[in-house]
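Here is a friendly briefing to read alongside the model. Please keep the structure open as you go through the points.

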Amino acid sequence: KFFWDADRQATLASRVDRLDTLLFHKKLGSYKDKTIRIERLAARVAVALGADSSATAAAVQAARLAKADLTTQMVREFTELQGTMGGIYAREEGLPETVWKAIGLHYLPIAVDGEAGPSAAQLGAAGPVWAVVSLADKLDTIVGLFGVGERPTGSRDPYGLRRAAHGALRILIDLAPLTGLAGRPALGELVAEAAEGYPDRSTLAAWPDGHAEEMSRFLVERLRHALESRGGDRRNVRAVTWESLDALRPVDAAAKLEALPGFTSSAQFTQLATAFKRVKNIAGELKGEAPIAVAALSVALTEPAEQALVQQLTACLPRVEQSLARQNYRAALGELSELGPSVDRFFSEVLVMTEDRQLRTARLSLMAHLRDVVRRVADVSEVVAADK
């Protein structure tokens, strides 16, 4: 009661400047510095998640106050109440429910499974605001600490980076059911926004050698762990997480993973998946050269097997694009599965690496187009057992 009465003599807003006395990290400044960063980042994250102007304004306010309870006597005595007390004090001050709930719950979630709190019912109308603030805080932590060379090693993770990554990924994967937001941001987009909060490392290119690559590997590994922990088959998980950080969207990866098992036992899909590693390897022989347009391949390629594949790919492309635009990955996989017999026939009847340079380029171009359209959905070669 003494702490309660004493703490309530000052508002959370009046405590923000006191955060300058609390060190976040010796190379990253104080909690006041972190507050400034996550307030700025919250506005950017809100756009990426698809929050409206009202939720964005509430998120910026909540981000400004999120760490203020670290200066209260209650939290200094009972550190496990950080965040919780901030939410309670904000509620007692009469701040909107969306703001005080976002403050009170912004350390959550701390796990990746779909049952990890908070729930949609617990969040209520505060869901979008909470998601923005929680994600901004976790992104700032991950990007900041990796930027200065701090990273988990083995079982050692003194800064809780795995926990922060798991929480961020839980938000991104379950964004719509938790908050009603429809954003589908790529991890690279969010990382770039967070990096701008550090003037000396505002772009990943400015980071010390290896730090950005380590962070990228870490985030992809954590996403794979998240999807596997929800029951995803390891091969299927790798198939939907092959992309670079700039293109990897956690919500899309989860949706693709949900769709993939329905096709892995199909004979046509298995034909495509088995041949796809060869498709990728052969397409790589273009060595950076721009492939010939699909429309021109029907003239350049005359063998029956390659003509059949060109025609089927030409018909398939717009349908796959339409399915991807609707995030209908089952439909996209269904379209791609139908390519399996034609791809199998192509490799049985056609020598790609012919001595005729123009013909070789046309056949390599066909492989490049096939590789690119399939990988828009998944790297299906990953779903085939290694001994096949």
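Predicted model: local features only at pLDDT ≥ 70, side-chain atom pairs only at ≥ 80, totals over all residues.

Residues are numbered from 1 along each chain as its sequence is written, and side-chain values use heavy atoms, with hydrogens and water left out. The protein chain holds 21 helices and two strands, both taken as DSSP runs numbered from the N terminus (helices are H or I with at least four residues, strands are E with at least two).

**The whole chain**

- The C-alpha trace of the protein chain spans about 85 × 40 × 40 Å along its principal axes.
- Of the 388 residues in the protein chain, 52% are buried (buried is under 20% relative accessible area, exposed over 50%, partly exposed in between, with a 1.4 Å probe and protein chains only).
- Among contacts with a separation of 6 or more, 72% are between residues 24 or more positions apart; contact means heavy atoms within 4.5 Å.
- The accessible surface of the protein chain is about 17,400 Å², and 49% of that belongs to carbon and sulfur atoms; the areas come from the Shrake-Rupley method with a 1.4 Å probe, and for residues only the protein chains shown count as cover.

**Helix 15**

- Helix 15 (residues 250-259) is largely enclosed by the rest of the structure, because seven of its 10 residues are buried.
- Those buried residues are Pro250, Asp252, Ala253, Ala254, Lys256, Leu257 and Ala259.
- Their cover includes helix 10 (161-173), helix 12 (187-195), helix 13 (211-229), helix 14 (234-240) and helix 19 (329-337).

**Pocket and cavities**

- Both kinds of space are found on a 1 Å grid over the protein atoms alone: a cavity is a set of points where a 1.4 Å probe fits but cannot get out, a pocket is an open set with protein on both sides within 12 Å along at least five of seven lines, and lining residues have an atom within 4 Å of a point.
- The largest pocket contains about 610 Å³ of space, where a volume is the space filled by probe spheres set on grid points joined across faces, edges and corners.
- The largest pocket is lined by 26 residues, and Lys67, Gln82, Tyr107, Asp137 and Arg163 are the closest to its centre.
- Two or more lining residues of the largest pocket come from each of helix 3 (31-49), helix 7 (97-105), helix 9 (127-147) and helix 10, with helix 9 giving the largest share, four residues.
- There are two cavities of 30 Å³ or more, and the largest cavity holds about 70 Å³.
- The lining of the largest cavity includes Leu139, Ala165, Leu187, Val191 and Leu219.
- Helix 9, helix 10 and helix 12 each supply at least two residues of the largest cavity's lining, and the largest share, four residues, is from helix 10.

**Two loop residues**

- Glu303 sits in the loop between helix 17 (294-300) and helix 18 (304-325), and Glu303 is partly exposed at a relative accessible area of 37%.
- Beyond its neighbours within four places in sequence, Glu303 contacts Val350 and Arg363.
- Thr354 belongs to the loop between helix 20 (340-349) and helix 21 (357-375), and Thr354 is buried, with a relative accessible area of 15%.
- Leaving aside neighbours within four places in sequence, Thr354 is in contact with Leu359, Arg360 and Arg363.
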